[in-house]
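Subject: Structure for you to look at

Hello,

I am passing on the structure we talked about, and I hope you enjoy looking through it. My notes come after it.

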Amino acid sequence: MAAGYWRRFVLICFFEFAAREKKMKQEYRNQALKILPWICAKCCREFSGKKLHELTVHHKDHDYKNNPADGSNWELLCIYCHDNEHSRSLEAQWQTSHDPDNVKKPVATHNPFGDLKKLLSVPDRTDENDEAE
Ligand SMILES: [Zn+2]
Ligand SMILES: [Zn+2]
């Protein structure tokens with residue numbers, strides 16, 4: 001009984017949140033399309049008519065809740081460039097917030113921490129010069 005109530009409550013919250021989110025997205029998209037030219041800011045393709053839905057609003061600071069009416073935080077990007085933009089920033093984020101607990105997948109080609117590890121595992125031998133050649 002109680003569990004059912006909570007489940008319904010959570011579901012309602014979720015749908016309300018999703019609906020509000022959707023409405024907000026529609027609003028800033030409409031506003032962005034009103035004030036910005038219908039051109040992808042990255043690849044410069046023009047969009048109109050049916051194709052217009054491929055043009056999406058990107059938030060320059062990556063905060064989708066930051067929607068100043070003058071459009072200073074918006075950039076219109078086609079879905080491809082938008083994807084690209086986000087996968088690039090995700091990568092950057094992963095690299096900066098990368099700590100030992102999160103290392104699951106090894107970095108195949110370039111590991112900026114590899115050298116550091118090597119340095120840390122080698123004991124400090126500065127005063128054992130007699131062993132050096
Ligand atoms: Zn594009
Ligand atoms: Zn974006």
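Residues are numbered from 1 along each chain as its sequence is written, and chains are lettered from A and ligands numbered from 1 in the order in which they are written.

**Confidence**

The protein has an average pLDDT (the predictor's confidence in each residue, from 0 to 100) of 83, and 72% of the residues score at least 70. Strand E2 has the highest confidence, with 98, and helix H3 (residues 114–121) the lowest, with a mean of 62. Where pLDDT is low, the predicted coordinates should not be read in detail.

**Layout**

There are 3 helices and 2 strands in the protein, and along the sequence they run α-β-β-α-α. Helices (H or I, at least four residues) and strands (E, at least two) are DSSP runs, numbered from the N terminus.

Of the 133 residues in the protein, 9% are buried. A residue is buried if 20 or more other C-beta atoms lie within 10 Å of its own, exposed if 12 or fewer, and partly exposed in between, with C-beta atoms placed from the backbone. Two residues are in contact if their C-beta atoms, placed from the backbone, lie within 7 Å. Taking contacts between residues at least 6 apart in sequence, 54% join residues at least 24 apart.

**Helix H1**

H1 has 34 residues, which at 1.5 Å a residue should span 50 Å, and the 49 Å between its end C-alpha atoms agrees with that. (The expected span is 1.5 Å times one less than the number of residues.) H1 is hardly covered, with 2 buried residues among its 34. Arg29 belongs to this helix and is partly exposed because 16 other C-beta atoms lie within 10 Å. Although Arg29 and Val57 are 28 residues apart in sequence, their C-alpha atoms are 6.1 Å apart.

**The strands and the core**

E1 and E2 pair in the antiparallel sense over 5 bridges; for a pair, DSSP must find at least two bridges between the strands. Thr56 has Leu77 of E2 opposite. E2 is mostly covered, as 4 of its 5 residues are buried.

A nonpolar core here is a set of buried Ala, Val, Leu, Ile, Met, Phe, Trp, Tyr and Cys residues joined through C-beta atoms within 7 Å. The largest one has 10 residues: Tyr28, Ala32, Cys40, Leu55, Val57, Trp74, Leu76, Leu77, Cys78 and Cys81. Two or more of these residues come from each of helix H1 (2–35), strand E1 (55–59) and strand E2 (74–78), and E2 supplies the largest share, 4 residues. Leaving out residues up to four places away in sequence, Leu76 touches Ala32, Leu36, Trp38, Ile39, Cys40, Ala41, Leu55 and Val57.

**The loops**

Ile39 sits in the loop between H1 and E1. Ile39 counts as partly exposed because it has 15 C-beta neighbours inside 10 Å. Neighbours within four places in sequence aside, Ile39 is in contact with Cys44, Arg45, Glu46 and Leu76. Ile39 and Leu55, 16 residues apart in sequence, are 7.8 Å apart from C-alpha to C-alpha.

Two residues are worth a look for their backbone angles. Most residues other than glycine have a negative phi, and most peptide bonds are trans. Cys44, however, has a positive phi near 65°. Cys44 is in the loop between H1 and E1 and counts as exposed because it has 9 C-beta neighbours inside 10 Å. His62 is not a glycine either, and its phi is positive at about 65°. His62 lies in the loop between E1 and E2, and with 13 C-beta neighbours inside 10 Å it counts as partly exposed.

Best wishes

Notes
This is a predicted model: local features need pLDDT of at least 70, side-chain atom pairs count only at pLDDT 80 or more; totals for chains, interfaces and linings use all residues.
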